[in-house]
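Dear colleague,

Please find below the structure that I promised to hand over. My findings follow it, arranged by topic.

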Amino acid sequence: MTFSAGDGMDRLPVPAPPFGLLPAFMPPAALPFLPEDPVLSFFAYTNKSADLANDISRRLSSSFRIDLGKEHVVGGICFGGYPYLPYSNRYLQKTGMNSANFGLPREVRLLCLGETGDRKSNGAAFEFLDSEYSTTKQDVVSHSGFHFLATDPVKTRLIEVRFSDYPLILRHVDMTEHSPDLFYGFIIPYFYVYEYEERTRFRPQVSGGLLGVKRPLHPRILSPGGLSTVERGDFQPPTTGADASDMPPGDLLRQFSSLLNSDHCYSPGNTDTEGWYYDYTAASVFGQQRQYKERLHAKECFISTPIKQDDKLILYIEQGEDHARCIAGLTMLMPFIPEAEFSQDVMEGVVDTFHELFGNDDPNDQVSAREELEAFLRGFLRIPPDINFCEKIGVRVFEIDPPEGVSPVSVNPDEKYATLLAEQEIDTSSEILHATFLNGIKFTRPSNAKYFAIELTNRDNESSQFVIKALRLMQSAHVSIHPRAARTQQVKTLNFRVIGADLAGDYAKLGEEGFNFSIERLIAGERKSVLFKANSLLDLLHTGAAKIFSNVRRRAVEFEKSEIYPAFEDDAVKYFVPGEFTLDGGYRFTPNYERRKSESRVDGWRRSETGDGIDQEVADKYDWTDKKNAPGTFENYSSQQIRTHSNILFPDASLPEWGSAALFANGLTVVYNGGQLLDAALTGNSSDLLLRTYRADDNNGVHQLVRNFSRYWRGIDTDRLKVTGTLGITQSPCGLTVTSAEMLQDLLDIFKDFNDPTKFGDLLIAVFGLSAVFMPNSPAQLGVLLPTLNGLNLGLSLTAAGFGLSANPAPGTFLPSVSQNAASGTQGTIARQAMHTGYSKSQFLNAGYDEAETETTITAGETKRIITRREVPARGDNRYDTQRVRGAEVMWQGEIVDIITGAITLNFTLPATATKMHVRTVDDSLRVRFGSGVGKSVSVDFWFDITEEVVRDDY
């Protein structure tokens with residue numbers, strides 16, 4: 001039966017940032033660069049299987065030359081291997097070397113081909129035989145994360161990288177015949193070239209990588225003498241006394257996996273001849289976790305093979321930064337359901353809640369509540385269903401400091417080159433939360449070691465598996481140096497660099513947040529003395545240990561007085577500045593001048609007067625520079641011709657009096673033009689009619705003046721725009737309405753005051769008097785009235801014989817005549833007129849927004865001034881004199897900043913703890929403590945100058 005890698009096993013995932021409410025469930029992103037950054041990949045392998053009896057790995061090498069396209073200041077390279085390769089646990093135990101080494105060669109050499117030479121002979125730069133710069137990285141064992149090979153800044157376009165000392169990569173194993181197929185090669189899917197740039201790094205999380213996982217093997221499995229060469233048995237399952245072909249394929253696969261690297265292999269959906277396996281590697285806790293989506297909807301995390309009770313599993317890890325950091329502890333998520341923490345009722349209540357949310361796959365309750373909770377946890381983590389969680393875990397963390405040339409994996413936790421940093425037992429939910437989110441697994445003291453060992457012990461009552469979802473190394477908030485097991489350290493100086501925008505603004509503090517630090521000596525974790533302390537800029541400078549590079553400050557607010565140089569020779573003694581001005585013609589300085597060209601536009605208030613009424617005194621007060629264009633007599637002349645065309649609207653035909661009139665007029669048209677116009681006359685809509693009419697009632701109440709014009713009558717009551725015709729009144733000057741006007745008015749006045757009884761007599765007199773006018777009761781009165789019945793026409797004639805007066809009946813009316821008038825049709829007029837204005841006054845106000853816009857162009861100018869400046873006194877809370885403007889003399893990474901650098905001499909010795917002369921119970925260390933932390937206004941660098949002496953020991 002053949003087991004092949006499942007779908008997703010051969011893919012390198014792009015790590016995503018944490019999401020959701022529990023970001024700690026997501027491991028830290030492993031890529032030090034953005035996923036879209038350009039990357040190179042290198043792969044190499046031998047075309048023949050490796051002969052394990054003849055190790056040729058150190059004789060294999062390959063070189064690559066890389067053209068960067070243009071010159072850059074190269075700072076180094078960053079590369080990462082393939083963290084999922086299987087390796088032999090037995091070989092790791094015997095030699096301390098990872099057989100696969102995660103696909104990385106054990107020696108990497110970087111060669112920068114820089115150009116050397118001066119400007120005059122730059123063409124001969126290639127003649128220098130050793131102008132290149134090289135650096136080499138050699139590791140006995142490499143971690144699974146990203147590696148940095150830094151170099152001094154070199155400006156170059158070409159680099160050359162050389163890989164040598166290839167690892168062994170397992171390609172195929174025949175477990176029935178104990179025949180592994182291995183080859184030499186390397187796999188580097190990530191290779192970056194980065195530019196040199198100085199920056200600071202101060203964040204809690206520290207990247208790391210796995211060196212290997214050691215599981216103590218039975219003594220009979222290890223070869224006697226601890227052979228250092230690779231043997232075929234290192235990749236074979238132990239002899240069980242039974243034929244391997246008789247074992248179930250899944251059991252044989254898990255047994256072989258436990259021999260390799262203790263990673264759990266899950267094999268679902270197998271047939272009689274073919275199967276697939278999915279690996280859950282320990283290297284995935286540091287970043288890249290693969291997703292198995294097709295045959296198995298799962299996501300990778302570390303799941304160990306079954307560990308017996310009281311057996312141990314040791315994870316050897318290494319810091320993955322470009323420089324070693326000071327580690328304060330680690331956080332580790334090891335999910336499981338604690339065994340005795342929850343009662344049966346509580347677990348059943350939680351299960352019932354999950355059933356309501358996600359459904360019930362066990363309606364008959366044949367599975368216990370605890371088993372269902374574990375099933376929910378496996379589904380949440382997306383891990384196989386056959387995982388048996390270890391529910392009581394003992395955790396110990398060690399600092400590993402191996403001697404020179406010794407692999408850190410070869411150091412067991414109980415040896416003298418390992419120092420215990422933390423010990424904890426995790427068997428409750430609160431301890432899971434503390435180890436993951438809150439305090440983590442905190443060290444008894446910070447450590448600046450490069451290597452660590454995490455020992456996990458199964459303290460459960462049965463064989464079970466460790467499950468680790470995420471593992472993070474956490475940096476210390478301070479900088480410290482501690483004794484090391486294999487090296488004596490001579491601490492000479494502490495160097496520091498503080499960079500910030502306002503470091504020199506106030507000598508009483510460092511930065512806006514008040515950054516401060518102190519150097520303390522700790523013995524057995526207790527502070528014994530303070531060697532140096534700086535709470536302010538003045539504390540740093542007065543000891544002479546620091547130097548500041550600051551920008552010049554000047555007042556931001558100040559009083560300024562400016563005196564303009566005079567232009568006359570009399571003031572030469574007082575104002576003349578040698579080399580600045582010369583005498584013009586022997587008696588004058590060059591005059592001050594400024595030439596401007598401007599355009600402006602102003603909107604605002606206006607008033608104008610014109611005509612003969614304007615006083616001459618008012619006109620004379622204006623200074624007219626050009627007398628020729630001075631105004632004469634103020635008068636206006638104008639002439640115009642106006643032509644109009646008017647369309648006269650006939651009144652609304654819905655009014656009965658006008659509707660009947662229009663019908664009569666159009667009826668005449670019918671008489672003359674025939675009966676075919678009868679319908680048109682009734683509707684009034686034919687163009688052949690004499691009089692076209694319009695009815696508002698037939699047009700939804702819209703009047704003629706409003707129709708097709710309604711939007712322009714906005715704000716006006718259109719109901720009052722109905723056309724109703726005009727009313728005319730005509731009366732004779734001798735008519736009764738004229739002669740009796742006063743009597744009628746008296747009668748009206750009496751009616752207004754009719755409530756007064758005394759007025760009743762006046763009412764009778766007025767009524768009888770008015771009736772006598774309209775109804776004569778004597779021949780004399782009738783004789784006077786008769787001539788007025790038909791009007792009276794008076795005339796005056798003048799002849800040669802004399803003159804005469806005649807009165808003849810003429811057209812007139814006894815009473816006023818009232819008539820209604822209407823017209824329809826069009827008319828045109830021409831009006832010509834001339835006008836002379838003797839006086840006119842116009843005054844108006846723009847009530848609104850006034851805007852003035854001016855654009856001025858200075859074409860030339862010269863001004864000579866003497867400037868005097870003084871401080872502005874404080875006014876209330878405004879302290880003008882303390883406000884400053886910085887210059888731009890000191891820049892760092894393109895920003896204007898102040899820089900403080902310094903070195904503090906210490907001359908402090910930390911002996912190696914593995915020597916016989918050192919008392920191991922004493923923990924003597926130095927710590928740089930940041931009292932207020934590192935704020936956003938400053939960036940800091942602190943580093944020690946150390947001389948190390950390696951302990952000589954046969955290991």
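Of the 955 residues of the protein chain, 38% are classed as buried. Please keep in mind that this is a predicted model. The accessible surface of the chain amounts to about 55,500 Å², and carbon and sulfur atoms contribute 51% of that area. As for secondary structure, the protein chain contains 14 helices and 49 strands. Among contacts with a separation of 6 or more, 77% are between residues 24 or more positions apart.

How many of the seven residues of strand β10 (residues 208–214) are buried? The count is seven of the seven, so β10 is largely enclosed by the rest of the structure. Strand β10 pairs with strand β16 (residues 312–319) in the antiparallel sense, over six bridges. In this pairing, Val213 stands opposite Leu315 of β16.

The aromatic rings form the next topic. A pair of aromatic rings is described by the distance of the centres and the angle of the planes. The count for this model comes to 25 aromatic pairs. In one of them, the ring centres of Tyr82 and Tyr84 are 5.1 Å apart and the planes stand at 85°; planes over 60 degrees apart count as edge-to-face, so this pair is edge-to-face. Both Tyr82 and Tyr84 are buried. Tyr84 also has a charged neighbour: Arg290 lies over the face of its ring, at 3.7 Å from the ring centre.

Why is the pair of Phe163 and Phe191 edge-to-face? The planes of these two rings are at 90°, with the centres 6.5 Å apart, so the pair is edge-to-face. This pair links distant parts of the chain, as Phe163 belongs to strand β6 (residues 146–164) and Phe191 to strand β8 (residues 179–195), 28 residues apart.

Finally, I draw your attention to Leu330, which is found in strand β17 (residues 327–333). Its relative accessible area is 2%, and because buried means under 20%, Leu330 counts as buried. Val397 lies 67 residues from Leu330 along the chain, and the C-alpha atoms of Leu330 and Val397 are separated by 9.3 Å.

With kind regards

How values were computed. Residues are numbered from 1 along each chain as its sequence is written. This is a predicted model: local features need pLDDT of at least 70, side-chain atom pairs count only at pLDDT 80 or more; totals for chains, interfaces and linings use all residues. Side-chain values use heavy atoms; hydrogens and water are left out. Buried means under 20% relative accessible area, exposed over 50%, partly exposed in between (1.4 Å probe, protein chains only). Helices (H or I, at least four residues) and strands (E, at least two) are DSSP runs, numbered from the N terminus. Two strands pair if DSSP finds at least two bridges between them. Contact means heavy atoms within 4.5 Å. Accessible areas come from the Shrake-Rupley method with a 1.4 Å probe; for residues, only the protein chains shown count as cover. Rings of Phe, Tyr and Trp (its six-membered ring) pair if their centres lie within 6.5 Å; planes under 30 degrees apart count as stacked, over 60 as edge-to-face and the rest as tilted. A charge sits over a ring if NZ of Lys or CZ of Arg is within 6 Å of the ring centre and within 35 degrees of the ring normal.
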